[in-house]
Each structure stands twice: as C-alpha cells, then as structure tokens.
Amino acid sequence: MRLQAKELLALQALDTEIGKLHAEVGTLEKGERVERALAQRQARLEQAAAKVHALEVDQRNTELELRSLEEKRHDASQVLYSGRIKNPRELQALELEVVSLDRQRQRLDETILRRMDELETARKAVETAAASAEEAEKALRVLRRRYERDVARIDDALGEKQPARERLAAEIAADILRRYDDLRRRNHNVGAVRVENGACAGCRMKIGSAVIRRLLAADQYVYCESCSRYLFQSEE
Ligand SMILES: [Zn+2]
C-alpha cells in the first residue's frame, strides 16, 4: 500500500492557506466605525447650519423691526418740531414717545450687534463641522477602497487555490480524503501533520516509540494517539 503522504501534506498546506484567506476576510476593516463617526459629524453639521439659519432669520426680523421703528421715530420728531402741536401735555407725550423710541432703537441695535457676533461664531462652527465631516468622508473613501482592494486580492488568491485544491484532492483515495476532511473540520482546519521534535505538530503531544516504529515502517497510515490526525514522519 502506497501512502499518499506527499499528497495529503500538500493538500493540508493548501487548506491552511485557504483557511487563512477566509479568516483574513473576516478581519478586514469595513469602515463601520468611521461610518458612525461620519453620521455623527454630518448631524453636527446640520445642527450648526440650522443654528446659522435661525440666527439669520432673527437678524432679518430685528432689522425690519428697527427700520419700522426708525420710520416711526422720524415721523414723531417731524411732528414734534413742526410747531403744529401747541398743547404742552401733548408735546410732552410726544417727547416721551421719541425718548422711548430711541431706547427701543438702542436695544435693537445692541441685539443686532450681539447677534452679529453670534452669527460669526455659528458660521465658524459650520466651517469646523463641515471640515470634520469631510475628513471622515475622505477616511471612509480610503477605507472602502482598501477593503475592496483586499477583498479582490483575497478572491483572486482563493480563485487560484480552490481549483488547485480540487485537483489535488481528486488524486487522493476517496476514503483517505473523507477521513482527512472530517478530521480537518473538527480540528481547526488541520487533518494531517508531521512529527516535529518528537511531537505531533497538531496537538504537541510527544509521540511514543511504538508510533515511531509504525511511522518508520511506512506501510500503513498512522494517526496521532492524542488528536487522531494523520501523522507523518518529520522531513529530515
Ligand atoms: Zn496530535
């Protein structure tokens, strides 16, 4: 009986590579974290823009209010200095109105000035938020490109290795292959190993002398007494 040691170990080497490629796909950074950061930053940008908009609306309203106040004051002072009103009480009432309108105008002026400051701050916040969102977008684009490139590279490698694996598997006797695949599925993708430094390379248990003798005879398949994997002689 010829042992298919070379074939089984070659198949194991391929299966190990294929297993690593599949595992690598699972570890690839898809950018979820950056996606979440981007969503947060976009929300902040929208909030900041909404604040600017609200301040602009308020400012326009205050300016309109100021304009109508100024018209009112202009009319009142015209009447006041026209000499048309002789009644001192009426005159005094009108004077008081002008004073009151001046006070109101001063308050509106102050409001407008304060709001200009607020608007400047709010517009700066929009710029900052926009830059921060853009930065996250850029990072996400880079991550996605890298992810796609890595997936394509892994797909290419799997596309080469999978057919090679099938060709090699076809050379191995069906019952041997079945046992190997079964062992591999149950034992972290490893079904066939060599002896390394007197131990099973799969489970690291020392190999007994009886097993060594059977390995040297090389006339039948030998399995590790501890992990049941196919066991083959060390390379030297
Ligand atoms: Zn073992």
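This is a predicted model: local features need pLDDT of at least 70, side-chain atom pairs count only at pLDDT 80 or more; totals for chains, interfaces and linings use all residues.
Reader: How is the chain divided into domains?
Author: There are two in the assignment: domain 1 covers 5–23 + 173–232, and domain 2 covers 31–171.

Reader: What distance separates the centres of domain 1 and domain 2?
Author: Taken over C-alpha atoms, the centres are 67 Å apart. The two domains do touch, with 14 residues from domain 1 and 10 residues from domain 2 in the contact.

Reader: And what area is buried between them?
Author: About 1,100 Å², and carbon and sulfur atoms give 71% of that.

Reader: Which residues in domain 1 lose the most area to domain 2?
Author: Leu-14, Ile-18 and Leu-21. Together they make up 48% of what the domain 1 side buries.

Reader: Switching to helices. How do H1 and H4 cross?
Author: H1 is residues 5–27 and H4 is residues 174–186; their axes come within 12 Å and cross at roughly 35 degrees. The crossing is right-handed.

Reader: Which residues make that contact?
Author: H1 supplies Leu-8, Leu-11, Gln-12 and Asp-15, while H4 supplies Ile-176, Leu-177, Tyr-180 and Arg-184. Sorted by class, that is five nonpolar, one polar and two charged residues.

Reader: What about Thr-62, buried or exposed?
Author: Buried, because its relative accessibility is 7% and the cut-off for buried is under 20%. Thr-62 sits in helix H2, which runs over residues 32–82.

Reader: What is Thr-62 in contact with, leaving aside its neighbours within four places in sequence?
Author: Leu-108, Thr-111, Ile-112 and Arg-115.

Reader: New topic. What is the phi of Arg-204?
Author: Near 70 degrees, which is positive, and Arg-204 is not a glycine. Most residues other than glycine have a negative phi.

Reader: Where is Arg-204 found?
Author: In the loop between strand S2 (199–200) and helix H5 (209–217).

Reader: Why does Arg-204 count as exposed?
Author: Because its relative accessibility is 55%, and exposed means over 50%.

Reader: And what is the phi of Ala-218?
Author: Ala-218 also has a positive phi, about 50 degrees, without being a glycine. Ala-218 lies in the loop between H5 and strand S3 (222–223).

Reader: What relative accessible area does Ala-218 have?
Author: 37%, so Ala-218 counts as partly exposed.

Conventions:
Residues are numbered from 1 along each chain as its sequence is written. Side-chain values use heavy atoms; hydrogens and water are left out. Axes are lines fitted to C-alpha atoms, for helices over the stretch in contact, and angles run from 0 to 180 degrees between N-to-C directions. Helices (H or I, at least four residues) and strands (E, at least two) are DSSP runs, numbered from the N terminus. A crossing is left-handed if the near helix is turned anticlockwise from the far one by less than a right angle, and right-handed if clockwise. Contact means heavy atoms within 4.5 Å. Ala, Val, Leu, Ile, Met, Phe, Trp, Tyr, Cys and Pro count as nonpolar, Asp, Glu, Lys and Arg as charged, and the others, Gly among them, as polar. Buried means under 20% relative accessible area, exposed over 50%, partly exposed in between (1.4 Å probe, protein chains only). Domain bounds come from an automatic or database domain assignment. Buried area is the accessible area (1.4 Å probe) that two parts lose on being put together, summed over both.
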